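This report goes through one structure by topic, with the cut-offs given where each term comes up.

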Amino acid sequence: MNIHEYQAKELLAKFGAPIPAGHAALTVEEAVKAAESLPGPLYVVKAQIHAGGRGKGKFKGAAADAKGGVRLARTIEDVRKNAGEMLGQTLVTIQTGEAGKEVNRLYVTDGADIAREYYLSMLVDRATGRIAVVASTEGGMDIETVAHDTPEKITTITIDPAEGFQPHHGRAVAFALKLKGDLNKQAVKVTEQLYNAFVATDMSMLEVNPLVETTDGKLLVLDAKVSFDSNALYRHPDVLALRDLTEEDPMEVEASKYDLAYIKLDGNIGCMVNGAGLAMATMDIIKLNGAFPANFLDVGGGASKEKVTAAFKIILSDPAVEGILVNIFGGIMRCDIIAEGIIAAAKEVNLSVPLVVRLEGTNVQQGKDILAASGLPIVSADDLGDAARKIVAQVKKAA
Ligand code: ADP
Ligand code: MG
């Protein structure tokens, strides 16, 4: 799960991290009010979308020389004008894809007098089972180019969570950022604050780009991008409350209501599978047969009729779906129950595309008999390979 910059900053501030003052705004008037409560004379109006690259982004339909999604304003009137130009418009950045994202929220924040921009991020490194801290002196809007052209300017330090943060980790970061004296001490402290926030809230990624040094020698978190481990959200209701559903894929939101693990993909064969591993294998074998999955969907071990119906509806609400492959292994669940669920769901949603079902496991013959007797145009398959070949052939035939 991702959150907005302003939410990330409010959260990091709770851990003591140095954050410039600012307020979120949903309207131009709120943006003006937010600016009036700040000391000035420099304000920054920032588009709040779940994507980076806003500074260099472009608003759809705006003039070629128009400013992007992060704008400096020197007067309250300037804040008003920029807020008016940004709200309701679609911002396209390197991270949004061509479709862009509609800006419904702004963050109006104190402008900083920047001397230098640094890069500091943390992420869970699965290979080492540690938290990787990535630091670079070359922060700012071109970090991707730095990573590509001059990777030696990026330092990675790992922290073993069993050991936790130690001052030497902070000193290693400060050294990588080439900071001396008081700035060095500030860097050690910021690293610890960010690490504490990371671990306490089960983040999977935290990116501060830029971390800036101001002209009066202070380090400030000027941008913050945070993702949380979705599997740990149950123990952070306060974090879950920050979720902005308007930023997420509507089908994925619908799926999460039914506790279905659904990820939208680009292909045309909808998949309904129980178990993540089997779902991955199903997607692989569809590809092996020359087609592409429209989604990943794991209905879980104890899928009820309601869950199966919801899953069907979600798969079919994707206009790209031209056929559905159901691949269920009845272990704890019985195949006859699943077959009844599939039939009920197929009737309810008025199934309009070919459906291939592969059942295996407990009561498989009863399940197959129920499907055969249903009178619905369901193609039964014997194994995974057979199922994939059949659905790909059906979709090709229909095309
Ligand atoms: P993004 O990464 O989405 O482009 P940032 O928040 O990093 O957005 O902003 C882009 C750039 O705008 C920063 O690298 C920095 O130079 C400038 N900037 C952002 N916030 C401020 C601020 N509060 N004061 C001064 N400059 C800022
Ligand atoms: Mg940034």
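## Metal site

Both N209 and D223 are buried, where buried means under 20% relative accessible area, exposed over 50% and partly exposed in between (1.4 Å probe, protein chains only). These residues coordinate the magnesium ion (ligand 2) through N209 (O) and D223 (OD), at 2.1 to 2.2 Å. The pair links distant parts of the chain, 14 residues apart: N209 belongs to strand β11 (residues 203-214), and D223 to the loop between β12 (219-221) and β13 (225-228). Donors are N, O and S atoms within 2.8 Å of the metal (3.2 Å for Na, K and Ca), and sites may look incomplete because water is not among the atoms.

## Basis of the values

The model is predicted: local features need pLDDT of at least 70 and side-chain atom pairs pLDDT 80 or more, while totals for chains, interfaces and linings use all residues. Residues are numbered from 1 along each chain as its sequence is written, chains are lettered from A and ligands numbered from 1 in the order written, and side-chain values use heavy atoms, with hydrogens and water left out.

## Overall fold

The chain has 13 helices and 19 strands, taken as DSSP runs (H or I, at least four residues; E, at least two) numbered from the N terminus. Its C-alpha atoms fill a box of roughly 80 × 50 × 40 Å along the principal axes. Of its 399 residues, 49% count as buried.

Among contacts (heavy atoms within 4.5 Å) with a separation of 6 or more, 69% are between residues 24 or more positions apart.

## Nonpolar cores

A nonpolar core is a set of buried Ala, Val, Leu, Ile, Met, Phe, Trp, Tyr and Cys residues joined through side-chain atoms within 4.5 Å. In the largest, of 39 residues, L12, L120, L194, M203, L206, L211 and F228 touch the most other members. Helix α6 (residues 181-200) gives the most to this core, 8 residues. Another core, of 32 residues, lies apart from it and includes A255, V326, A339 and V357.

## Surroundings of R105

R105 sits in the loop between β6 (101-102) and β7 (106-110). With a relative accessible area of 22%, R105 is partly exposed. Beyond four places in sequence, R105 touches residues including H4, Y6, K46 and D244. The C-alpha atoms of R105 and P319 are 29 Å apart, at 214 residues along the chain.
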